[in-house]
Amino acid sequence: MAENILEVNNLKMHFEGKRGFSFGSETPVVKAVDGVTFNVKVGESVGLVGESGCGKTTVGRTVMKLYEPTSGEIIFQGQDISKLKPRAMKKYRSSMQMIFQDPFSSLNPRHTVGSIIESSFVIHGITPEGGVKEAVRGLLAKVGLNPEHINRFPHEFSGGQRQRIGIARALALNPKFIVADEPVSALDVSIQAQIVNLLDDLQKEFGIAFLFIAHDLSVVQHISDRVIVMYLGKIMEMAPTFDLFLKPRHPYTKALLSAVPVPDPKIGRAREKILLQGDLPSPANPPKGCVFNTRCWKAQDLCRTTVPEVLEIAPSHSLACHFPE
Amino acid sequence: MSKFLEVENLNVSFPTEDGLVQATNEVSYSVGLGETLAIVGESGSGKSVSNLAVMGLHNAGSTNISGHAWLDLPSGRVDLISAKPEELRALRGKEMAMIFQDPMSALHPFFTVGKQIAEAWHLHNTGSKRAGLARAVEMLDLVGIPDASKRVNDFPHQFSGGMRQRVMIAMSLINNPSLLIADEPTTALDVTVQSQILQLIKDLQKEFNMAVIMITHDLGVVAEVADRVCVMYAGKIVETGGIDDIFYQSVHPYTRGLLASLPRLEQSSLGHRLLAIPGTPPSLINLPNGCSFAPRCAFAEHVGSGLCTSTTPKLELKREDQWARCHLGASDVSRISQLQIGATING
């Protein structure tokens, strides 16, 4: 079995709210990520899915150390980086990169494409073979852009092309691990497939490990080897993609899958839908016991009092539920 | 079936500093009572612009609109495009209503939801404040907001995204309109909430026998709700037909391309490449000659003598009740796609 590039143990990321005028009362704490344990193997692509507010983006940002985690371990290439200061982090940064959701706000509008990608080399003091300019041209070609466009500004590109620039920037230093946070959800349908294919190719070509964060389950299914399902800061289910989509065991996973509209009217009419009642509870005030119990049709007294632990029920298939399917 | 709304040759354009933006071009569609028409397309395809024109929501000073949008009322047919502002005002909310993508920006943050919903009722009815509020509670109850008599006094920020969209639906339906235009009503919502809202719209449609126009970019949503579908590209309708025609025997290469490019849950697509459509949609200021989709179309080179890049195709009947704006015939498309599949894979 391949070794882990990333190991996350009992990671917690709690944000303290503002106190406002309510002097004396306790500061509200939003438990965005509350005790999450998972790993990513070398060259593996792991999907992280869930609805808004489930903490998936916070997990991505915390493992990149864009936030200081409240507690827990983040072991990257065998080294616990959870407590490293920014200066000590720098030598790890070149091997971990991030691709962002919004290709409009993640590129500096006053810099040319060339200088945006170049800055990766400059910051880390690396001179690639053949010079920086040549390397940038090579990267542009690799992500399917015209290398002649090196002196253009971001606004001269379409959304899909801008996302390609973001990908080129992430690839510049030959990272071993990339966090892609909703990389295609801001793009039009006909462009999404182009970017998904590009990420797929790059992953295969360079053996980069991906943490692929998305709310679109069909995209995640397409690109991931393994999928983690989160709900209100906790992991609900974690399994190889095929198992998770074919035989979901957690009621939440089942409901989530059944809620995805299928672009096929006959299948849509035939299948049974699970309509969850209510909305996501606030992460500032999560329900007691299992966080999903307020919307779960199988919830019993035990679920309302006791938090289910994440247990391995089959090889690499883990689950946090008292009454799995 | 007589159609409740019939849009005919609708052209909307915006003069800008860079040139004239032809947002919609000879757009025609219709929807009957109890029927759901889905208008699907990517950003900039003109799907919202055409329906804003129907509702009379464009700024008259900065928009050129031509064409007709006939509303079939008991009192006679009305052309919404040439109607006077006060005529439109009498129809908006009463005969036709619209809900939008972002329910937070569509609600006023300073007023209680009850007040805002009742306002829509007072515009078309005479009655006391109390009667308006009672009607608002009734509507909130109908759209599934628990404890409606209390929540009616809450402000928009006290509701979640899904609940806000329910409030918007309550507001739009308070005068029993016959036409509901829903512009990406679930795009800002999570999937589990999305399926609740889609179900709610379906239930209400059945209860009040409404005509519904669902504007969306999500073919999954289309498959879930639509009876008929219009596919738009670069301001034009490129294909229109019944739901099964569009999904199982589409004629236009753009529709086929969109459907092929989707990653799918139901069949394991693990390890397969997605069949992406190469290139990007054209600028609406400077459309290519001939068919707007020709530069991205895998079939264009199979049509003789550069027809696709020189002559704009008309919306033609290709199969029973299925129209497409393409030089290819229905049989050509299936024949060529047999040859082409696999060869068109383009990252």
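Residues are numbered from 1 along each chain as written, and chains are lettered from A in the order written. In this predicted model, local features need pLDDT of at least 70 and side-chain atom pairs pLDDT 80 or more, while totals for chains, interfaces and linings use all residues; side-chain values use heavy atoms, without hydrogens or water.

Me: Which residues touch the most other members of the largest nonpolar core?
Reply: A nonpolar core joins buried Ala, Val, Leu, Ile, Met, Phe, Trp, Tyr and Cys residues through side-chain atoms within 4.5 Å. Buried means under 20% relative accessible area, exposed over 50%, and partly exposed in between (1.4 Å probe, protein chains only). Among the 66 residues of this core, those touching the most other members are Ile117(A) and Ile167(A).

Me: How are α3(A) and α5(A) oriented, roughly parallel or roughly antiparallel?
Reply: Helices are DSSP runs (H or I, at least four residues) and strands likewise (E, at least two), numbered from the N terminus. Axes are lines fitted to C-alpha atoms over the stretch in contact, with angles from 0 to 180 degrees between N-to-C directions. Helix α3 (residues 113-123) and helix α5 (residues 159-171) of chain A pack at about 25°, with axes 8 Å apart. Angles under 35 degrees count as roughly parallel and over 145 as roughly antiparallel, 65 to 115 as roughly perpendicular and the rest as oblique, so α3(A) and α5(A) are roughly parallel.

Me: Is Leu232(A) buried or exposed?
Reply: Leu232(A) is found in the loop between β9 (226-231) and β10 (234-240) of chain A. Leu232(A) has a positive phi of about 45° although it is not a glycine. Its relative accessibility is 4%, so Leu232(A) counts as buried.
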